Amino acid sequence: MRACVLTQEGLSVASVPDPQPTANHVVVAVRTAGLNRRDHWITVGKYPGVRLPVVLGSDGCGVVDAEGHALDGQRVVIDPSMSWDATTDTQGSDYQILGMPLQGTLAERIAVPAGNVHTAPRHCSDAEAAALPLAGITAWRATAKRAAVRSGQHVLVTGIGGGVATFAVQIAKAMGCKVWVTSSKTANLERAAQVLGTDGGALYTEADWAKQILSQAGHIDAVIDGAGGPGFNDCLGIVRPGGTIAVYGATAGAVPTMNLHRVFWKQITIAGSTMGSPQDMADWLAFVNDHQIRPVVDSEYMLSNTAQAFARLASSEQFGNIIVRIAE
């Protein structure tokens, strides 16, 4: 079968052996795969424990090919989380994500535990369905579970344009919240308002962005942040006393000097969040179905043009999810 393989020499589309499923596994014939920031970090050597060669990709939509199995022939999405702790409070010590070290979804076929496949939402196309798992479950756990946002609240989502941030806005809006966003690009703020119905925003490249958000929103109950970095102190300043900041990433790096006095004086809750449990995945897909959420697809590429898809990802110019079509 064909697959996108990362070796010491870089990315290439190559022929690799077909997966051999073990007990309780099923083979999925992949139609579409989604790219995530994680895939980029792996290719540039900024992800811990990289083992090469590896087939990349964590997100996928396809059809189960398991003759005699109850799931045979079903169109499914794949939960990329493997070995989540049974308590569901956190991932286990042997937790892994598809796409390194395990074979990923950028391949014509993949073998995964039967419990990791879920019926794809009927209202979503193959491209939209492929975008749901990693970014979607990350946004769901951070927004719905860790920040526990609720109807009527004012929510700030930083870094709009990326897949997780886009889903976080969709989730909060579907819950009945008002949502403000930040970006480094005016075009992203405008598109967020047009496509996602955001209530306002500001360029985080401007020194007074936090004041701009507060002047628009009045107050912010919760922040969904995947950036960290120096701007995190602005998040501490912007969230109301007793508010929550859910942190799911640190694309801007470590926080140089945290204003810790704001945390205790304002009684702010800082909630870390990574991926999600099997129950989170089930809850997320149920939410998608109930609210007819359609992921925002930035662009689509064929498997043979995967290098172009990765270049688009590395540019950080996308708005929404980048999809690779496996079946040509």
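Buried here means under 20% relative accessible area, exposed means over 50%, and partly exposed lies in between, with a 1.4 Å probe and protein chains only. Helices (H or I, at least four residues) and strands (E, at least two) are DSSP runs, numbered from the N terminus. The model is predicted: local features need pLDDT of at least 70, side-chain atom pairs count only at pLDDT 80 or more, and totals for chains, interfaces and linings use all residues. Residues are numbered from 1 along each chain as its sequence is written, and side-chain values use heavy atoms, leaving out hydrogens and water.

Start with helix H5, residues 186-196. Its buried residues are Asn188, Leu189, Ala192 and Leu196. They cover an arc of only 100° around the axis, which puts them on the same side of H5. The arc is taken from the directions that run from the helix axis to the C-beta atoms. An α-helix has 3.6 residues a turn, so residues three or four places apart point the same way. The cover over the buried residues of H5 includes H4, strand E12 (178-183) and strand E13 (200-203); contact means heavy atoms within 4.5 Å. Gly197 follows H5 and has a positive phi, near 75°.

Now move to helix H9, residues 278-291. H9 has 14 residues and reaches 20 Å from its first C-alpha to its last, close to the 20 Å expected at 1.5 Å a residue. That expected span is 1.5 Å times one less than the number of residues. Asp280, Met281, Trp284, Leu285, Phe287 and Val288 are the buried residues of H9. They cover an arc of only 155° around the axis, which puts them on the same side of H9. Their packing partners are strand E6 (75-78), strand E10 (117-119), helix H3 (133-146) and helix H4 (163-174). Just after H9, Gln292 takes a positive phi of about 50°.

Two of these partners are helices. Axes are lines fitted to C-alpha atoms, for helices over the stretch in contact, and angles run from 0 to 180 degrees between N-to-C directions. The axes of H4 and H9 come within 11 Å and cross at roughly 60°. H4 and H9 are therefore oblique to each other. On this scale, angles under 35 degrees count as roughly parallel, over 145 as roughly antiparallel, 65 to 115 as roughly perpendicular and the rest as oblique. Phe167, Ile171 and Ala174 in H4 meet Trp284, Phe287 and His291 in H9.

H3 takes another angle. H3 and H9 pack at about 95°, with their axes 9 Å apart. H3 and H9 are therefore roughly perpendicular to each other. On the H3 side, the contacts involve Pro133, Gly136, Ile137, Trp140, Arg141 and Lys145; on the H9 side, Asp280, Met281, Asp283, Trp284 and Phe287.

Ser277 sits in the loop between strand E16 (269-272) and H9. Ser277 is buried, with a relative accessible area of 2%. Not counting residues up to four places away in sequence, Ser277 touches Trp84, Thr88, Ile137 and Arg141.

Finally, some backbone details. A cis peptide bond joins Leu52 and Pro53, with omega about -5°. Pro53 lies in the loop between helix H1 (37-43) and strand E4 (54-55). The bond from Met100 to Pro101 is also cis, with omega near 5°. Asn24 has a positive phi of about 65° although it is not a glycine. At 67% relative accessibility, Asn24 counts as exposed. Ser316 has a positive phi of about 60° and is not a glycine either. Ser316 is partly exposed, at 33% relative accessible area.
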